[in-house]
Amino acid sequence: MYERIMAIYVKNQEEYQRYREAMTPILRSIGGKFGYDLSVDKVIKSKCQNPINRIFTIEFPSKAVMQTFFNREDYCAIRDEHLAHSVSHFTVISMHEKTE
């Protein structure tokens with residue numbers, strides 16, 4: 001498994017939920033899934049200046065599958081419709097091979 005840990009700032013919860021609902025079936029169809037999903041009300045230490053109010057992990061069968069997923073035309077259409085209007089900052093905390 002290949003895991004990506006993300007920190008984001010959600011500015012529109014309803015629109016972000018629509019994004020998640022639309023993209024999750026595509027994610028599952030390629031063998032991916034969300035692991036953790038945390039709402040954060042206070043950041044004590046960060047390596048970036050971006051505000052953070054949500055942290056999550058997203059898992060893929062491999063790094064190649066992850067790269068393909070984020071370039072899929074159907075995913076990109078959902079991203080363009082919902083994500084740009086709901087999230088103002090993205091920070092990749094880590095991407096790594098995950099051992100079970």
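## The kink in helix α3

Helix α3 has a kink of about 40 degrees, centred on Arg-79, where the bend at a residue is the angle between axes fitted to the seven residues ending there and the seven starting there. This helix covers residues 73-86, has 14 residues and reaches 20 Å from its first C-alpha to its last, close to the 20 Å expected at 1.5 Å a residue; the expected span is 1.5 Å times one less than the number of residues. Helices (H or I, at least four residues) and strands (E, at least two) are DSSP runs, numbered from the N terminus.

This is a predicted model, in which local features need pLDDT of at least 70 and side-chain atom pairs count only at pLDDT 80 or more, while totals for chains, interfaces and linings use all residues. Residues are numbered from 1 along each chain as its sequence is written, and side-chain values use heavy atoms, with hydrogens and water left out.

Buried residues of α3 are Tyr-75, Cys-76, Ile-78, His-82, Leu-83 and Ser-86, buried meaning under 20% relative accessible area, with exposed over 50% and partly exposed in between (1.4 Å probe, protein chains only). The cover over these residues includes β1 (2-10), α1 (13-29), α2 (63-71) and β4 (87-97). Helix α3 lies across β1 and β4, and runs at about 110 degrees to β4; axes are lines fitted to C-alpha atoms, for helices over the stretch in contact, and angles run from 0 to 180 degrees between N-to-C directions.

## The sheet

Four strands form an open sheet in the order β2-β3-β1-β4, with antiparallel pairing, and two strands pair if DSSP finds at least two bridges between them. Because β2 (33-39) and β4 stand at the edges with a single partner strand each, one side of each is left without a neighbour in the sheet. On average, and with direction ignored, neighbouring strands of this sheet are turned by 15 degrees against each other.

The antiparallel strands β1 and β4 are joined by nine bridges, and Ala-7 has Thr-91 in β4 as its bridge partner. Helix α1 packs on the sheet, touching β1, β2, β3 (54-60) and β4, and its direction makes about 10 degrees with that of β3; contact means heavy atoms within 4.5 Å.

## The whole protein

Along the sequence, the pattern is β-α-β-β-α-α-β, and the protein has three helices and four strands. Of its 100 residues, 36% count as buried. Among contacts between residues at least 6 apart in sequence, 80% join residues at least 24 apart.
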